[in-house]
Amino acid sequence: MELLLKTDSRFVINILKNHRKLEDEGYISSPHPQLMRSTIASFRMRPTQTYMKWVRGHNGHERNEGADRLASEATKKEKASFVNLGLPRELNVTGAKLSTMTQALAYKAIMAMKAKDDDMYRRRTDINLMRIKNCVEDLFGYVPTSEAIWKSIRNKDFELKIQIFMWKACHYAFWTGTHWTIPGMKAELQERAICHSCDQIDDLNHILTKCESPGQALIWELAGKLWDKKSSNIQWREPTIGDILGCGLVLGACGSSGPSIPLLTVSSLRCAVRVKFV
Ligand SMILES: [Zn+2]
């Protein structure tokens, strides 16, 4: 059976009509490349012709109005629906044809890859900031700004190496966990993503607070004793990654001789050992 798609977007029609160009360029210049790749592949899988027709939007067309209504409802969802954009292997066209590659296109591809990486790391930094904010709110009843967190990391009571450790940890810059699974990584190096004692992703959160390999619990037990000796008015607790990364703010709350210096020193030492030898 032939398929007739009606859309109010000339933009989408033009893009899909030029699918050969998109495929040859490896979707480098395409907006929403994964969506386009999946849509074109689903057209190719059809045994019969697919046609597209433009209709005027917001003009009383029954199905066009219905699509608008569904799209509007979808934007109000708290959780995004899962959309399977997976492709059959034979239709998964990756990379650009060398014959169509120009210097400008290659530059665009490099910038797109870099933007994707930057975006991933920005999101991970945001997650760490959120962890710190949750912990500080839990302990002190207020939510620090991101600026206050960055400032606390540069606290002059921290040695420079600790400041660097904190900054790198917040930015997910240590080679731990899923860093080892980036595309192109050798198989034997990808194994480093997993902690072999616990079968868990071996990221900083795991290394510092969850790992069951010998020494983990002992180190925090010793840190707890050190904490109590400093007579802090804050009850010791097994630290989360948010507590550790946010301890510059704890330092502010406890005074410059507060207990967070030994805590951080212990945690950074342990991390340094693990990160160095992975
Ligand atoms: Zn482990």
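This is a predicted model. Of the 278 residues in the protein chain, 21% count as buried. The chain holds 13 helices and four strands.

Strand 1 and its partner can be taken next. Strand 1 and strand 2 (residues 50–54) run parallel and are joined by five bridges. Is strand 1 buried or in the open? A residue counts as buried if 20 or more other C-beta atoms lie within 10 Å of its own. Strand 1 covers residues 3–7, and zero of these five residues are buried, so the strand lies largely in the open.

Confidence comes last. The protein chain has a mean pLDDT of 77, and 77% of its residues reach 70 or more. Among the elements, helix 6 (residues 146–153) has the highest mean pLDDT, 91, while helix 13 (residues 260–277) has the lowest, 45. Across residues 255–263 the pLDDT is below 50, yet this stretch has 21 contacts in the model beyond near neighbours in sequence. Residues 265–278 also stay under 50, and for them the model has 19 contacts beyond four places in sequence. Where pLDDT is low, the predicted coordinates should not be read in detail.

Technical notes: Residues are numbered from 1 along each chain as its sequence is written. This is a predicted model: local features need pLDDT of at least 70, side-chain atom pairs count only at pLDDT 80 or more; totals for chains, interfaces and linings use all residues. A residue is buried if 20 or more other C-beta atoms lie within 10 Å of its own, exposed if 12 or fewer, and partly exposed in between; C-beta atoms are placed from the backbone. Helices (H or I, at least four residues) and strands (E, at least two) are DSSP runs, numbered from the N terminus. Two strands pair if DSSP finds at least two bridges between them. pLDDT is the predictor's confidence in each residue, from 0 to 100. Two residues are in contact if their C-beta atoms, placed from the backbone, lie within 7 Å.
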